[in-house]
Amino acid sequence: MMKRAILGLAALTAPFAAAQAETTYVVADRMLEVETGRYIADPVIAVEDGRVTAITTGTAPEGAAVVDLSGHTILPGLIDMHVHLDGRPEYGGYSGLQFTDRFWTVIGVANAKKMLDAGFTTVRNVGASDYNVVGLDQAIEEGWVPGPRIVGAGNSLGATGGHCDSTFLPPSFNQTSPAVGDSPDELRKRVREQRKYGAEVIKACATGGVFSRNTAPGIQQLTLEELTAIANEAHFWGLKAAAHAHGAAGIKAAIRAGFDTIEHASFIDDEGIRLAKERGTYLSMDIFNTDYTLSQGEANGVLEENLAKERLVSKAQRDNFTKAHRAGVKLVFGSDAGVMPHETVGGQFAVMVRLGMSPLEAIQAATINAAEALGQSGEVGTIKVGAWADIIAVDGDPLADPAELADVDAVVKGGKLVD
């Protein structure tokens with residue numbers, strides 16, 4: 001009798017469940033197929049439960065629920081592979097110390113919406129204090145606040161006194177990053193701790209950096225053995241590993257250690273470019289934010305020590321972006337939003353084109369290439385059956401003018417128009 005009752009209940013509820021899976025249609029004048037650069041006229045994209053179920057052309061069925069983007073060109077939602085959602089450039093140097101710790105969590109809520117409005121429906125957050133962005137990700141997924149899909153690291157791993165440690169305060173404060181380690185075994189444990197508390201990617205600082213004190217961007221700070229332990233442990237747990245690395249030696253060590261992406265890659269040399277190409281390592285080079293930092297940094301409280309390092313890094317990084325692209329290295333879009341305003345990162349597309357990419361290559365860096373680097377090909381960064389229905393709309397032709405991507409008109413996430 002119990003079995004018969006359960007079967008009867010299933011029969012009653014199945015039609016109701018099917019009725020709830022309403023199909024929404026997204027329509028526009030044309031769609032950019034980012035894999036090929038081909039435009040498809042009058043696309044009709046069917047969406048159920050947030051995913052694309054069919055792509056046809058013509059018009060949506062009469063009476064159907066429609067997201068009408070007529071007059072626009074649509075393409076996949078963009079992916080930024082290097083953001084810091086719990087930071088803002090207006091609070092440089094010591095100015096951020098005036099706020100309580102939880103201020104930065106709330107800042108993350110605002111920045112998540114800014115990134116989404118800018119057309120970035122997926123972001124990789126490579127480093128955040130106090131698990132701020134892990135909590136933000138959970139709140140977005142639960143529907144409490146709007147924002148992009150987040151692939152987040154917790155605290156960034158690094159050496160004691162290195163770029164990923166706390167370097168701004170004197171010894172009396174006894175402030176240390178919770179994720180530093182000074183041996184392969186210590187750093188393996190740090191990987192496990194970050195994963196335990198919600199990290200979906202592991203970030204480590206292989207070299208010094210610009211926005212820390214007493215660290216030189218070009219100097220390696222973790223040994224090959226330590227970097228290998230981090231990458232191996234991350235991969236053991238099924239996570240990707242990202243290495244902050246400006247200097248040539250640290251870049252090559254991180255590539256040899258097996259890191260999936262190199263962040264910044266400012267001083268990469270010919271051997272590093274060759275290694276990255278041979279091993280399929282992605283470079284995420286933030287070539288746009290330097291303009292903001294050098295023009296606004298002093299007013300925002302950034303210390304002269306940090307501005308001097310930015311001047312040192314900026315030209316070399318842009319030159320090496322061009323060299324890496326010409327050599328055929330895999331490149332992904334990474335802005336370092338947080339160092340610059342999150343709402344302006346779309347301006348990086350024009351810089352990528354100015355430095356040698358075609359507009360399509362720049363778009364692919366923020367769509368299919370980034371999705372592949374995340375291990376989410378077919379899920380994000382594409383408009384294909386089975387992918388999340390994350391779509392952006394622009395007025396003009398992004399293949400003719402990449403500035404179109406700095407002024408997104410509409411954003412659809414999971415088939416729903418973002419307010």
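The following legends describe close-up views of a predicted model.

**View 1. Helix α7 and its buried side.** Helix α7 spans residues 270-279, and its buried residues are Gly272, Ile273, Leu275 and Ala276. These residues lie on the same side of α7, because they cover an arc of only 165 degrees around the axis. Exposed residues Asp270 and Glu278 are carried on the face turned away from that buried side. Among the elements covering the buried residues of α7 are α6 (248-257), β12 (282-284) and α9 (304-327).

**View 2. The two ends of α7.** At the start of the helix, a side-chain oxygen of Asp269 comes to within 3.2 Å of the backbone nitrogen of Glu271. Gly280 follows α7 and has a positive phi, near 70 degrees.

**View 3. Helix α8 and its buried residues.** In helix α8 (residues 289-296), the buried residues are Asn289, Thr290 and Thr293. They cover an arc of only 100 degrees around the axis and therefore sit on the same side of α8. The cover over these buried residues includes α9.

**View 4. The contact between domain 1 and domain 2.** The domain assignment gives domain 1 as 24-76 + 383-417 and domain 2 as 78-374. The contact takes 20 residues from domain 1 and 22 residues from domain 2. About 1,600 Å² is buried between the two domains, with carbon and sulfur atoms giving 70% of this area.

**View 5. Polar pairs and strands at the domain interface.** One salt bridge is found across the interface of domain 1 and domain 2, as are four residue pairs in polar contact. On the side of domain 1 that touches domain 2, β5 (65-76) and β15 (410-413) each supply at least two residues. Strand β15 gives the most to that side, with three residues.

Definitions and conventions
Residues are numbered from 1 along each chain as its sequence is written. This is a predicted model: local features need pLDDT of at least 70, side-chain atom pairs count only at pLDDT 80 or more; totals for chains, interfaces and linings use all residues. Side-chain values use heavy atoms; hydrogens and water are left out. Buried means under 20% relative accessible area, exposed over 50%, partly exposed in between (1.4 Å probe, protein chains only). Helices (H or I, at least four residues) and strands (E, at least two) are DSSP runs, numbered from the N terminus. The arc is that of the directions from the helix axis to the C-beta atoms. Contact means heavy atoms within 4.5 Å. A polar contact is a pair of N or O atoms within 3.5 Å; within protein, one must be able to donate a hydrogen and the other to accept it, and residues adjacent in sequence count only if both atoms are side-chain atoms. Domain bounds come from an automatic or database domain assignment. Buried area is the accessible area (1.4 Å probe) that two parts lose on being put together, summed over both. A salt bridge is a side-chain nitrogen of Lys or Arg within 4 Å of a carboxyl oxygen of Asp or Glu.
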